[in-house]
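Colleague: I would like to learn how to read a model like this one. Take me through it feature by feature.

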Amino acid sequence: MFVASGKKRKFAPTSQNAAERAFVRRAQGNDTHGLASVGSTAGASDTIKRYYILGQENARERQYRAALDCYNRAIAVSMNEAIAKEAKLYVARAHVLYKLREFTRAMDDAKEAIAIDGNSAAGYTQMAGILAATGKRRDALAVLEGGFYTVDRGAAGYAHMETLRATIARQLDPSAVMDLRAKTTDPMVHLPSDLLILVLRNLDIRTLVVCRAVSRRWLALLDNTPVLWSYPLFAPTSAVTRLAQQLPAYQKLQKWIKKNNTCGRIPDRILRFVFQKARGSLVSATVPSNSLVSGKTLDALLAQKRPCLRQIDISRVAEVGPDMVGRMLNGWCVPNNIVALRLPYCTSVDNSAISTIVRHAPRIRTLDISGCHSVRVKHMFKAWSSVLLDSHDSAAIENLYMNDHPGIPDLLVYSTRYCHFAKLKSLHIAIYDQRVLSMFSSIAPLVDYLRRSQAHRTQQSSAPFPQLEELNVDGIWDIPVSSLRFGSNVLCNLVFQCKIFAKGLRRLSAVESPGIDRNQLGEALWSCLPTLQRLHLTRATNIDTQLLVDIASNRRDVLPLESLDLSGCAGIASQGLYALISCCSNLVYVNLGGTAVDNMVMGLFTQMISTLSSPGLEVLALDTTDITGVAVRDFAAACIKRYRSIRSDPHVRQVWKLRILDIDNCSNVGSDAVTVVRELLSPIGTQILAAVPA
């Protein structure tokens with residue numbers, strides 16, 4: 001075997017005897033004539049044999065260049081000493097040249113081997129293999145057919161030649177391929193490659209890694225298709241996860257997801273493996289929560305030859321700092337390339353990182369800096385002012401996430417004066433960690449600033465975010481007594497004073513809102529109810545029945561609500577719930593746990609299920625309510641009737657089904673009613689949550 005030593009390539013001794021060491025010393029000196037002239041023809045034959053053995057050893061170790069040098073020396077010795085040519089030398093050199101992808105020279109050696117020895121099965125096999133590798137399978141089959149008439153059956157390599165002939169014939173025969181498809185259930189054989197790739201793109205990373213171990217075909221497809229790794233999905237999206245996204249305040253679904261969460265922390269080597277497989281087609285660089293990103297992984301990300309990265313999602317990663325954000329943006333960003341950047345709860349992200357983002361990706365559309373306490377909102381406005389034309393110009397940001405951020409009051413107040421974020425379609429300013437309230441700066445100067453800007457405000461639009469479609473203000477009205485000394489209670493009124501409830505609002509989430517004001521909420525809802533599709537308002541104890549009755553009585557058309565969550569609103573009687581739900585015929589996800597729901601409201605749900613034109617309920621949570629077993633049985637009977645009617649209709653593609661029915665802790669629902677409901681809904685596969693109280 002050859003080893004590197006300076007600029008010369010030397011033989012490494014493979015034998016410990018004196019004769020072998022002497023042979024290697026002469027080989028290191030390139031003394032081919034000396035090797036041959038040591039003895040007579042017998043000495044030259046011995047030299048050729050030793051070169052051949054060394055070449056075989058190097059070929060087994062995949063040192064093809066070293067093996068080629070050995071075979072060249074052996075052939076040169078035989079030519080210099082006028083020794084009869086040996087076919088095995090040319091066959092061996094043809095094999096090495098084939099491995100080195102030098103097909104022309106390999107073909108010449110294979111022909112020379114056949115010319116020397118017409119009974120050389122290895123020569124015919126080598127020639128056929130070269131032709132097949134270059135796409136000439138019919139010529140390869142003709143060579144093998146000619147070899148069968150020339151080579152003796154007892155010759156070495158005859159069986160290999162016969163096997164190669166059968167393989168090439170099967171590849172050329174369409175009926176053999178159809179027979180293979182009939183015998184196997186492998187989708188790799190039955191489906192076209194483009195359709196199979198579309199299926200595999202919906203799998204998560206763990207499943208893709210398992211698919212690589214199915215067979216060599218699967219391994220070759222997955223490793224040679226970078227687009228499969230361009231959108232890495234580290235946790236599969238189940239039906240329960242999708243339902244939880246529709247009802248984020250439904251605690252039972254959230255607990256189930258946390259219990260069965262299969263993502264967790266991803267090892268650094270797995271991240272690096274995914275990024276390397278994606279090559280230049282990586283579109284979304286996603287790092288799950290609590291995962292560590294090393295320098296090698298970052299280098300693998302930055303090693304993209306043709307960067308087409310559009311999204312960066314790094315959540316709760318301790319080692320991400322401003323320098324790493326700068327490296328990512330400097331390495332990947334071309335003008336208007338990055339459109340989504342999510343760095344939630346990365347405490348090391350500060351104002352310099354925001355400046356880098358604005359400088360390298362001024363047209364970014366999604367920005368998530370939730371929990372980034374070191375980022376000041378005033379600096380954000382100044383940074384975007386440097387790239388905008390004037391104060392009336394707007395940035396391209398459409399989705400802004402600032403949950404658990406101490407700069408929420410500054411964002412609301414400054415947005416009333418400057419239009420930097422006037423194109424927002426989604427705004428998340430929820431407070432999940434009450435400790436953030438103690439980080440608020442003094443809100444009184446902001447209120448004075450808001451009053452002074454009222455004259456300037458009248459010349460602009462009535463809302464700072466006129467295009468807003470989704471608003472998340474969870475926890476804004478859930479301020480503990482210990483935080484009142486920071487002036488945080490002013491934030492509750494500041495949300496309504498800044499008029500962030502736009503007319504075209506589609507999704508509103510105000511989970512955990514016990515301190516919300518009834519009159520201010522009614523005025524805000526009145527403007528956005530015609531377009532509101534999702535309303536989550538939990539633990540709003542100040543909301544009464546009259547508010548819902550007034551909203552329902554003054555609406556002449558049907559409300560477009562699809563997801564409704566009023567759990568914990570104990571101040572609403574059944575008449576108010578009935579008035580609101582009677583105006584909403586498109587409800588799909590409903591959570592009214594802990595409210596005054598009775599049989600009258602349950603009968604309304606039964607009527608909605610019986611109407612085939614309605615979408616039909618998929619989740620109905622009525623835990624700790626006043627419904628009875630009779631009403632629940634009637635509702636279950638209507639569900640199974642709807643399910644059978646839709647399933648028997650051949651024109652309906654997607655079959656409706658009730659996924660979750662929660663009647664937990666309903667004192668008026670007995671065990672016999674629960675048993676009947678389970679039997680009725682068993683064909684649908686509904687998950688029924690019912691713990692009958694003692």
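Colleague: In which strand does S284 lie?

Modeller: S284 lies in strand β3, residues 284-287. Helices (H or I, at least four residues) and strands (E, at least two) are DSSP runs, numbered from the N terminus. Two ground rules before we go on. This is a predicted model, where local features need pLDDT of at least 70, side-chain atom pairs count only at pLDDT 80 or more, and totals for chains, interfaces and linings use all residues. Residues are numbered from 1 along each chain as its sequence is written, and side-chain values use heavy atoms, with hydrogens and water left out.

Colleague: Is S284 buried or exposed?

Modeller: Buried means under 20% relative accessible area, exposed over 50%, and partly exposed in between (1.4 Å probe, protein chains only). S284 has 6%, so S284 is buried.

Colleague: What does S284 touch?

Modeller: Contact means heavy atoms within 4.5 Å. Leaving aside neighbours within four places in sequence, S284 is in contact with S230, Y231, P232, L309 and Q311. The side chain of S284 also makes a polar contact with the side chain of T286, at 3.1 Å. A polar contact is a pair of N or O atoms within 3.5 Å; within protein, one must be able to donate a hydrogen and the other to accept it, and residues adjacent in sequence count only if both atoms are side-chain atoms.

Colleague: Where does N591 lie?

Modeller: N591 lies in strand β13, residues 589-591. N591 counts as buried because its relative accessibility is 3%. Its contacts, not counting residues up to four places away in sequence, include L247, Y250, D565 and D623.

Colleague: How many residues does the largest nonpolar core have?

Modeller: In soluble globular proteins, nonpolar side chains tend to be buried together. A nonpolar core is a set of buried Ala, Val, Leu, Ile, Met, Phe, Trp, Tyr and Cys residues joined through side-chain atoms within 4.5 Å. Here the largest has 151 residues, and W384, W477, F501, F605 and F635 have the most contacts inside it. Helix α30 (residues 629-648) gives the most to this core, with 9 residues. Apart from it lies another core, of 44 residues, among them A59, Y64, I75 and A121.

Colleague: How many salt bridges does the structure hold?

Modeller: Side chains of opposite charge can pair when their charged atoms come close. A salt bridge is a side-chain nitrogen of Lys or Arg within 4 Å of a carboxyl oxygen of Asp or Glu. The structure holds 16. One joins R65 and E102 (3.4 Å, N to O). R65 sits in helix α4 (residues 64-80), E102 in the loop between α5 (87-99) and α6 (103-116), 37 residues apart. R65, E102 and R105 are linked in a network of salt bridges.

Colleague: Which side chain meets R507 in a salt bridge?

Modeller: That of E470, at 3.4 Å, N to O. R507 lies in strand β10 (residues 507-510) and E470 in strand β9 (residues 470-472), so the pair ties together parts 37 residues apart in sequence. R507 is partly exposed because its relative accessible area is 23%.

Colleague: What pLDDT does the protein chain average?

Modeller: pLDDT is the predictor's confidence in each residue, from 0 to 100. The chain averages 80, and 82% of the residues score at least 70. Over residues 1-25 the pLDDT is below 50. Where pLDDT is low, the predicted coordinates should not be read in detail.
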